[in-house]
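Let's take a friendly look at the salt bridges in a protein model. Have the sequence and the 3D view ready as you read.

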Amino acid sequence: MTAMIKAEGVRKSFGQLEVLRGIDLQVAPGEVCCLLGPSGSGKSTFLRCVNHLESVSAGRLWVDGQLVGYRQRGDKLHELRESEIAQRRRDIGMVFQRFNLFPHLTAVGNIMEAPVHVLGESRAEARQRALALLERVGLADKADAYPAMLSGGQQQRVAIARALAMRPKLMLFDEPTSALDPELVGEVLDVMRDLAAEGMTMMVVTHEMGFAREVADTVVFMDGGVVVEAGTPAQVLGDPQHERTRAFLAKVL
Ligand code: ADP
Ligand code: MG
């Protein structure tokens, strides 16, 4: 089976600063991978590479069997054009710490935006699907609310619905609950848990250890731009083999 994400020796530098120093990992279709690690360890940079927001400096990264940044013809690699990158990015949903909803559009309007303008769906079809997605994230009654009228947790659930409207093969979450008041974290994690149960392939950067323990198939602990250890939640969270992992867990648990 083709991996949904496969990284081999992925490196990324910004000038002299080497942020990713040889990342190896794999995520199979339908799996949930939680990425943990201290601030500055390169987690966001890795997600941004997967989503074509950063180029890889060295090594190879495949998403759904396609080499990121390149089109392969026989033995030859050709760099992707902007339009081809945009095409590939459509298959990947990303949810950030900040919700980034369009403030001038209602919840349903936010969700309809890309299906109408990128996929060319009719407004009627996009609206019907958007309402179904709002129902799925528990916000059927907020279709006509503007972002400013919604709590942070509600906005983040709209952001998830908006990503799902593009029918992604893969969802990336970069600390989706870090900006939320504690009492709003659970409602967002519940939506993510449902999504995982429905078989969505997900890579989630999070400090929510309960979520990682219950939902992740694999947990990857990164530090200093490398994968220190990876395995099942029981292995990495329950029986960490490396001192750096133990020190990190002692701080977040
Ligand atoms: P994490 O998400 O694990 O906290 P990041 O991937 O955001 O880590 O950042 C890793 C390191 O890369 C940090 O030292 C950060 O300052 C640096 N970095 C990230 N993006 C850029 C950029 N565009 N230019 C320069 N340095 C960057
Ligand atoms: Mg980050």
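## How many salt bridges?

A search of the whole structure finds 16 salt bridges. The term means a side-chain nitrogen of Lys or Arg within 4 Å of a carboxyl oxygen of Asp or Glu.

Keep in mind that this is a predicted model, where local features need pLDDT of at least 70, side-chain atom pairs count only at pLDDT 80 or more, and totals for chains, interfaces and linings use all residues. Residues are numbered from 1 along each chain as its sequence is written, chains are lettered from A and ligands numbered from 1 in the order in which they are written, and side-chain values use heavy atoms, leaving out hydrogens and water.

## Two partly exposed pairs

Start with glutamate 18 and arginine 11: their closest N and O atoms are 2.8 Å apart. Glutamate 18 is partly exposed at 32% relative accessibility, and arginine 11 is partly exposed at 32% (buried is under 20% relative accessible area, exposed over 50%, partly exposed in between, with a 1.4 Å probe and protein chains only).

Next, lysine 169 pairs with aspartate 64, with 2.6 Å between the closest N and O atoms. Lysine 169 sits in the loop between α5 (152-164) and β9 (170-174), and aspartate 64 in the loop between β4 (58-63) and β5 (66-67), so the bridge ties together parts that are 105 residues apart in sequence. Here helices (H or I, at least four residues) and strands (E, at least two) are DSSP runs, numbered from the N terminus. Lysine 169 is partly exposed at 36%, as is aspartate 64 at 29%.

## A buried pair and a network

Glutamate 121 and arginine 129 also form a salt bridge, with the closest N and O atoms 2.8 Å apart. Glutamate 121 is buried at 9% relative accessible area, and arginine 129 is buried at 17%.

Finally, Lys12, Arg48 and Glu54 are joined into one network by salt bridges that share partners.
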